[in-house]
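Here is a short report for anyone who likes to see how the pieces of a fold meet. Have the viewer open as you read.

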Amino acid sequence: MTTDHQNRANDESVSGDALATKAKERLEQNLARIETLTQRLVGAMGRGRKVPSALQGPKHDLYLKAAGTYWSEMMRDPAKLMEHQLGYWGKTLQHYVETQQKMVQGAATPAPGDGPSDRRFANPLWNTHPWFAFIKQQYLTNAEAVRTAIDSIEGLEPREKKRLDYFAGQIVDMFSPTNFLATNPDALQKALETDGQSLIDGLENLVRDLEANEGNLVVTLADGDAFRVGENLATTPGEVVFRNHLFELIQYSPTTDDVRETPIVLFPPWINKFYILDLKPQNSLIRHVVDQGYTLFVVSWINPDPSYAEIGMTDYVEDGYVQAIEVVKEICGVKKVNAVGYCIAGTTLGLALSVLKARKDKSVNSATFFTTLTDFSDQGEVGVFLDDDFVDGIEAEAREAGVLDKFYMSRTFSFLRARDLIYQPAIRSYMMGEAPPAFDLLYWNGDGTNLPARMAVEYLRGLCQQDRFATTGFTVAGHEAKISDVTVPVFAVGCESDHIAAWDSSWRGVQKMGSKDKTFVLSGSGHIAGIVNPPAKKKYGYWTNAAPAENAQAWREAATRHEGSWWPAWIEWLEPRSGELVPARQPGSKVHPALGPAPGRYVTGGRLAAE
């Protein structure tokens with residue numbers, strides 16, 4: 001061997017030894033890291049809150065009744081049972097045999113009947129690899145069998161059937177093969193590519209989330225370090241001009257020389273923070289309204305603690321709505337305002353309008369409702385959580401804690417979209433080891449608020465369950481409020497795929513209002529994206545129909561579709577109801593001077609007592 005060859009061999013030997021040493025060091029570091037993370041994991045899980053059984057699922061009565069009804073029907077018609085069973089086992093056996101044959105041939109079985117619409121199975125290996133193709137198709141066959149069995153049950157009440165279908169779907173989604181490491185090709189590929197580093201990073205993400213949520217597993221949806229409210233979120237200039245124990249009132253600085261005489265006061269839901277309407281300049285409804293030449297006030301609700309236990313709907317009407325309207329009138333020197341309510345704040349705006357009408361107070365010139373339910377006769381998807389088994393549990397928990405903790409609200413709404421808000425984020429974080437994205441909407445989604453115990457129970461019992469506002473009357477502020485008392489001009493927006501406030505229920509409530517001037521608009525998309533839909537994006541579209549209709553579906557069939565955002569249509573509707581142009585108003589007045597810059601103190605957790 002020549003000297004050069006010997007030197008090269010020696011260099012390669014040294015290089016190989018160095019790589020082996022590095023690999024060994026990395027393995028030792030990772031093993032030590034796993035040991036530390038495991039200790040933290042055990043400690044965090046030991047601190048987890050005990051979730052009441054009533055809030056973990058429907059009572060066993062539902063499943064027992066469903067099982068009893070199913071087997072009773074099968075006993076009466078055994079051929080039906082045999083048809084179901086033979087269909088299921090026939091598909092399973094056929095699939096197994098076909099898979100064996102394909103594996104012998106070195107090919108996989110494509111997944112018949114499952115198009116690309118199911119994003120869970122986007123990885124090509126689900127169709128090309130024998131193991132994954134078999135697992136996927138068997139899961140789909142099992143899911144179909146569960147749906148067929150539920151569809152065949154005829155002895156349940158429609159509401160019970162709907163709940164059974166929903167919770168069975170939750171169980172089916174939970175057992176998707178994508179939710180388990182051994183049957184998730186994306187996670188396994190990532191683990192191989194990173195020499196297992198992704199799994200260790202995933203374990204760290206899991207421990208982080210458990211520790212951050214007192215031992216409860218809540219998936220972090222967005223990078224918490226990427227956003228700061230008041231710095232890169234909620235940046236529209238304005239001033240807090242009033243503050244009480246329930247809310248801060250923000251008046252936004254004008255961007256035009258002149259503004260409309262009648263100001264707008266916007267009431268966002270106190271279930272979440274108001275800055276969903278002011279995430280960034282490009283999609284800020286707040287900035288858009290100001291830029292159109294309107295004086296805009298927005299209520300920023302406080303995040304209640306247990307001391308708010310006895311705060312009820314009357315407090316929100318009197319110390320929230322009525323108080324805010326009076327302050328806006330004083331600052332602007334006007335007798336009327338245009339009011340806007342979003343979601344539960346729209347429901348409560350309806351109550352407040354009924355109270356004001358009884359008092360012969362004409363302070364509200366018009367009312368706009370964003371994705372608002374005032375008729376709860378059909379509760380939509382969220383209705384599966386509004387039976388007594390859940391509401392009894394919520395009431396007991398809220399009464400004991402003084403508030404309905406944001407944990408339960410977030411949990412409930414996440415399960416309505418479990419694939420997008422639970423399973424997929426968990427897969428990315430815990431199996432793939434990825435950091436949460438810097439996504440402003442998801443950051444806001446995780447920035448929840450508590451609800452006062454009394455208010456939460458009054459809302460769930462009197463409005464959601466008993467539908468009293470649309471029927472016999474809901475008692476608030478010493479008055480029996482009825483939906484027919486809403487007689488001011490109304491503009492209402494429903495959202496096509498809204499899973500919280502179904503658009504047809506929203507439409508039905510508007511039809512029961514006493515106003516002779518009613519405009520309903522159906523926006524594309526859902527509860528958030530359908531409202532936060534700036535014109536520049538030209539997304540989703542919307543529908544209008546000024547003609548009377550027998551029901552929501554008839555209204556939709558005869559409606560005209562328009563491209564882009566409904567925002568310009570709303571501004572056009574507001575203009576003739578907003579008076580003449582007057583010189584632009586700077587925030588505050590002598591009686592209500594500016595207290596500090598927007599977005600204020602309450603949105604970031606500050607309290608009234610902090611002054």
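In this predicted model, Met313, Val317, Tyr321, Val322 and Ile325 of α10 are in contact (heavy atoms within 4.5 Å) with Ala345, Thr348, Leu349, Leu351, Ala352, Val355 and Leu356 of α11. Sorted by class, this contact holds 11 nonpolar residues, 1 polar residue and no charged ones. Here Ala, Val, Leu, Ile, Met, Phe, Trp, Tyr, Cys and Pro count as nonpolar, Asp, Glu, Lys and Arg as charged, and the others, Gly among them, as polar.

The expected span is 1.5 Å times one less than the number of residues.

| Helix | Residues | Span between end C-alpha atoms | Expected span |
|---|---|---|---|
| α5 (130-151) | 22 residues | 31 Å | 32 Å |

Buried residues (under 20% relative accessible area, 1.4 Å probe, protein chains only) of α5 include Phe132, Ile135, Tyr139 and Leu140, along with Lys136. In α14, the buried residues include Ile422, Tyr423, Pro425 and Met431. Among the elements covering the buried residues of α14 are α6 (158-174), α7 (185-193), α8 (197-212) and α13 (406-416). After α14 comes Gly433, with a positive phi near 70°.

Which loop holds Gly446? Gly446 sits between α15 (440-445) and β9 (451-452). This glycine is exposed (over 50%), at a relative accessible area of 58%. Its C-alpha lies 7.1 Å from that of Leu221, although the two are 225 residues apart along the chain.

Stepping back, the protein chain has 19 helices and 17 strands, taken as DSSP runs (H or I of at least four residues, E of at least two) numbered from the N terminus. Of its 611 residues, 51% count as buried. Among contacts with a separation of 6 or more, 80% join residues 24 or more positions apart.

Residues are numbered from 1 along each chain as its sequence is written. Local features need pLDDT of at least 70 and side-chain atom pairs pLDDT 80 or more, while totals for chains, interfaces and linings use all residues, and side-chain values use heavy atoms, leaving out hydrogens and water.
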